[in-house]
Amino acid sequence: MSFNDIFKSNFLDNVTSVSMIDIAMAMILAFGIGVFVHLVHKKTYKGVMYSSGFGVTLIALCMITTFVMLAITSNVVLSLGMVGALSIVRFRTAVKEPLDIAFVFWSIAAGIVLSAGMIPLAILGSVLIGIILLVFVNRKPNEIPYIIVVNCSDREAEAEVKKFIDASVTKSIIKNKTVSREGIELNIEVRLKNDNTDFINQVVELKNVNHAVLVSYNGEFMN
């Protein structure tokens, strides 16, 4: 064994394992697909407040996955060590919107496919997924369910409210009824005839009606 063999290192041997052209092309494509995923997520987001940090995270996930997979595919020994290192990672952030899970997996999957050299699959697959999400998520349903919460003073007012609501909507079902010394509270599920919600303003003008609230199932107050 010579002196050079003792201090020999394989670190510099791995410098040329992945060409600079491949690295640059993969990272540029990963950035482009990540931006596309971010834009689709922004257009399809239905929550109360959009988080710009989550959109940037989608871009970063795609790029990070790409360069990690490039390293793994170029070295079998490194891939085994990487699996062990990543197994200790735990994500504690709660996902508020179920659809966000699909976007996270989309970014990671796009990075994996890109690093494998399947560029047409990564681009065409991402475009197809984006179009499907834009069409189905933004599609407005024919009938949107709402809940009307009405507080009235007596049974006569309750009957008058139910009669007026039945005439103003296409369908109504009493989901809950609470009776107390202060009055009667009704939770009524309804289907509107159209997008006009002005009828709820007329409900509160009925005799012995204290207040009325119209709430959509996604938690947004309509009136």
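## Val-40

At 3% relative accessibility, Val-40 counts as buried, where buried means under 20% relative accessible area, exposed over 50% and partly exposed in between, with a 1.4 Å probe and protein chains only. Val-40 lies in helix α2. Helices (H or I, at least four residues) and strands (E, at least two) are DSSP runs numbered from the N terminus. Residues up to four places away in sequence aside, Val-40 touches Phe-103, Trp-106, Gly-130, Leu-133 and Leu-134; contact means heavy atoms within 4.5 Å. The C-alpha atoms of Val-40 and Gly-55 are separated by 9.7 Å, with the two residues 15 apart along the chain.

The model is predicted, with local features needing pLDDT of at least 70 and side-chain atom pairs counting only at pLDDT 80 or more, while totals for chains, interfaces and linings use all residues. Residues are numbered from 1 along each chain as its sequence is written, and side-chain values use heavy atoms, with hydrogens and water left out.

## Chain overview

The chain has eight helices and four strands. In sequence order the pattern is α-α-α-α-α-α-β-α-β-β-α-β. Of the 223 residues in the chain, 31% are buried. Among contacts in the chain with a separation of 6 or more, 68% come from residues 24 or more positions apart.

## Helices α2 and α5

The axes of α2 and α5 come within 10 Å and cross at roughly 165°. Axes here are lines fitted to C-alpha atoms, for helices over the stretch in contact, and angles run from 0 to 180 degrees between N-to-C directions. α2 and α5 are therefore roughly antiparallel to each other; angles under 35 degrees count as roughly parallel, over 145 as roughly antiparallel, 65 to 115 as roughly perpendicular and the rest as oblique. The crossing of α2 past α5 is right-handed. A crossing is right-handed if the near helix is turned clockwise from the far one by less than a right angle, and left-handed if anticlockwise.

On the α2 side, the contact involves Ala-26, Leu-29, Ala-30, Ile-33, Phe-36, Val-37, Val-40, His-41 and Thr-44; these meet Leu-99, Asp-100, Phe-103, Trp-106, Ser-107, Ala-110 and Leu-114 in α5. By class, this contact of α2 with α5 has 12 nonpolar, three polar and one charged residues. Ala, Val, Leu, Ile, Met, Phe, Trp, Tyr, Cys and Pro count as nonpolar, Asp, Glu, Lys and Arg as charged, and the others, Gly among them, as polar.

## Helices α5 and α6

Helix α5 (residues 99-115) and helix α6 (residues 119-137) have axes that come within 9 Å and cross at roughly 165°. α5 and α6 are therefore roughly antiparallel to each other, and α5 passes α6 in a left-handed crossing.

From α5, the residues Leu-99, Phe-103, Trp-106, Ala-110, Val-113 and Leu-114 meet Ile-119, Leu-121, Ala-122, Ser-126, Ile-129, Gly-130, Leu-133 and Val-137 in α6. The class count for the contact of α5 with α6 is 12 nonpolar, two polar and no charged residues.

## Aromatic pairs

Rings of Phe, Tyr and Trp (its six-membered ring) pair if their centres lie within 6.5 Å; planes under 30 degrees apart count as stacked, over 60 as edge-to-face and the rest as tilted. By this rule there are two aromatic pairs. The rings of Phe-36 and Trp-106 have centres 6.0 Å apart and planes at 85°, so this pair is edge-to-face. The pair links distant parts of the chain, as Phe-36 is in helix α2 (residues 20-44) and Trp-106 in helix α5, 70 residues apart. Phe-36 is partly exposed, with a relative accessible area of 28%, whereas Trp-106 is buried at 6%.

The rings of Phe-103 and Trp-106 have centres 5.9 Å apart and planes at 35°, so this pair is tilted. Both residues, Phe-103 and Trp-106, lie in helix α5, three residues apart, about one turn of the helix. Phe-103 is buried, with a relative accessible area of 1%. Ring pairs link Phe-36, Phe-103 and Trp-106 into a cluster.

Thr-66 is in helix α3 (residues 52-74) and counts as buried at 0% relative accessibility. Leaving aside neighbours within four places in sequence, Thr-66 is in contact with Ala-26, Met-27, Ala-30, Gly-111, Leu-114 and Ser-115.

Asn-208 is in the loop between α8 (199-203) and β4 (209-216). Phi of Asn-208 is near 65°, a positive value in a residue other than glycine. Most residues other than glycine have a negative phi. Asn-208 is partly exposed, with a relative accessible area of 33%.
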